[in-house]
Amino acid sequence: MISRPYGIILVTGPTGSGKTTTLYTSLKHLATPEVNVCTIEDPIELIEPAFNQMQVQHNIQLDFAAGVKTLLRQDPDIIMVGEIRDRETAEMAVQAALTGHLVLSTLHTNDAPSAIARLAEIGVPSYLITATLIGVVAQRLVRTLCPHCKHETSFDPLEWQALIKPWTTSPPDKIAVAEGCLECRQTGFIGRIGIYEMMSLSDELKQEIDDNFNLIKFRKAAIRMGMKPLNLAGAQKVARGLTTIEEVLKVAPPRYDL
């Protein structure tokens with residue numbers, strides 16, 4: 001998605017789910033001497049010399065929308081907006097995308113399809129969403145098992161089915177658990193890893209976005225066209241022995257409206 005020359009890419013998830021890290025990593029991949037990467041953030045979380053960074057200053061009426069308007073005068077190729085919170089910011093992001101810029105930003109939604117509903121609630125017309133939105137990534141972070149004390153064990157297949165509902169797939173022969181050791185301070189976990197729900201807006205999916213937008217119908221269409229839900233992405237990490245079923249269920253419980 002980030003290889004596209006213009007359009008909007010959104011990263012969604014709750015606070016602390018790693019959205020900003022994903023955006024910075026994507027921008028670092030794109031930031032070459034020939035590319036002008038500009039950001040408007042609240043606050044600037046990481047100083048990066050390859051970017052032109054601007055911080056929101058509410059005391060001088062420099063909010064996200066005003067920041068994007070200012071950045072557009074500096075001939076940017078790529079713009080990162082810290083968060084789309086209101087209609088004015090969304091309109092400026094859409095305007096930037098329509099005029100040939102790649103825009104990366106975040107939204108607070110539970111999953112990728114909900115970003116469409118959120119943009120509609122803010123007041124972005126459906127025809128502008130389909131014209132500018134490239135795709136949405138929803139993400140969560142789960143703790144990874146300590147490599148020093150983890151070991152394989154058998155498990156109840158019902159636990160696996162609870163994780164992947166309402167889907168069905170063969171459970172792995174074994175899953176990994178960790179007892180806790182000095183290396184992980186008896187917690188059984190070291191570090192975290194991301195699980196992702198990637199939704200690219202194909203032409204077929206864009207046809208589902210109109211003034212009578214139905215989120216449940218749209219979510220089903222996205223899955224039918226290849227989007228892997230968060231709980232299935234987490235199940236893959238469990239099958240690979242990277243984390244536990246309980247960890248995934250904490251951050252990506254199964255959906256029952258599919």
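**Figure 1. Lining of the largest cavity in the predicted model.** The lining consists of Ile8, Leu10, Ile84, Ala90, Val94, Leu119, Val124, Ile129, Thr132 and Leu133. At least two lining residues are supplied by each of strand 1 (7-12), helix 3 and helix 5 (126-132). The volume of the largest cavity is about 60 Å³, and the count of cavities of 30 Å³ or more comes to one.

**Figure 2. The largest pocket and the residues that line it.** The largest pocket has a volume of about 310 Å³. Its lining comprises 19 residues, and Lys19, Thr20, Glu45, Gly82 and Thr106 are the ones that lie nearest the centre of the pocket. Helix 1 (residues 19-30) provides the largest share of this lining, with four residues. Divided by class, the lining of the largest pocket has nine polar, six charged and four nonpolar residues.

**Figure 3. Packing of helix 2 with helix 3.** Helix 2 (residues 64-71) and helix 3 (residues 87-98) have axes that come within 8 Å and cross at roughly 20°. Because angles under 35 degrees count as roughly parallel, helix 2 is roughly parallel to helix 3. The crossing in which helix 2 passes helix 3 is left-handed. On the side of helix 2, the contact is made by Phe64, Ala65, Val68 and Lys69, and on the side of helix 3 by Glu88, Thr89 and Met92. The residues of this contact between helix 2 and helix 3 comprise four nonpolar, two charged and one polar.

**Figure 4. Packing of helix 6 with helix 9.** The axes of helix 6 (residues 157-164) and helix 9 (residues 230-239) are 8 Å apart, and the two helices pack at an angle of about 145°. Helix 6 contributes Trp160, Leu163 and Ile164 to the contact, while helix 9 contributes Asn231, Leu232, Ala235, Val238 and Ala239. Seven residues of the contact of helix 6 with helix 9 are nonpolar, one is polar and none is charged.

Figure 5. The bond from Asp42 to Pro43 is a cis peptide bond, with omega near -5°. Pro43 is located in the loop that lies between strand 2 (37-41) and strand 3 (52-55).

Figure 6. The peptide bond that runs from Lys165 to Pro166 is cis, and its omega is near 0°. Pro166 has its place in the loop between helix 6 and strand 8 (175-178).

Figure 7. Gln61 is a residue other than glycine with a positive phi, the value being near 60°. This residue, Gln61, is found in the loop that lies between strand 3 and helix 2.

Notes: Residues are numbered from 1 along each chain as its sequence is written. This is a predicted model: local features need pLDDT of at least 70, side-chain atom pairs count only at pLDDT 80 or more; totals for chains, interfaces and linings use all residues. Side-chain values use heavy atoms; hydrogens and water are left out. Axes are lines fitted to C-alpha atoms, for helices over the stretch in contact, and angles run from 0 to 180 degrees between N-to-C directions. Angles under 35 degrees count as roughly parallel, over 145 as roughly antiparallel, 65 to 115 as roughly perpendicular and the rest as oblique. A crossing is left-handed if the near helix is turned anticlockwise from the far one by less than a right angle, and right-handed if clockwise. Contact means heavy atoms within 4.5 Å. Ala, Val, Leu, Ile, Met, Phe, Trp, Tyr, Cys and Pro count as nonpolar, Asp, Glu, Lys and Arg as charged, and the others, Gly among them, as polar. On a 1 Å grid over the protein atoms alone, a cavity is a set of points where a 1.4 Å probe fits but cannot get out, and a pocket is an open set with protein on both sides within 12 Å along at least five of seven lines; lining residues have an atom within 4 Å of a point. Grid points are joined across faces, edges and corners, and a volume is the space filled by probe spheres set on the points.
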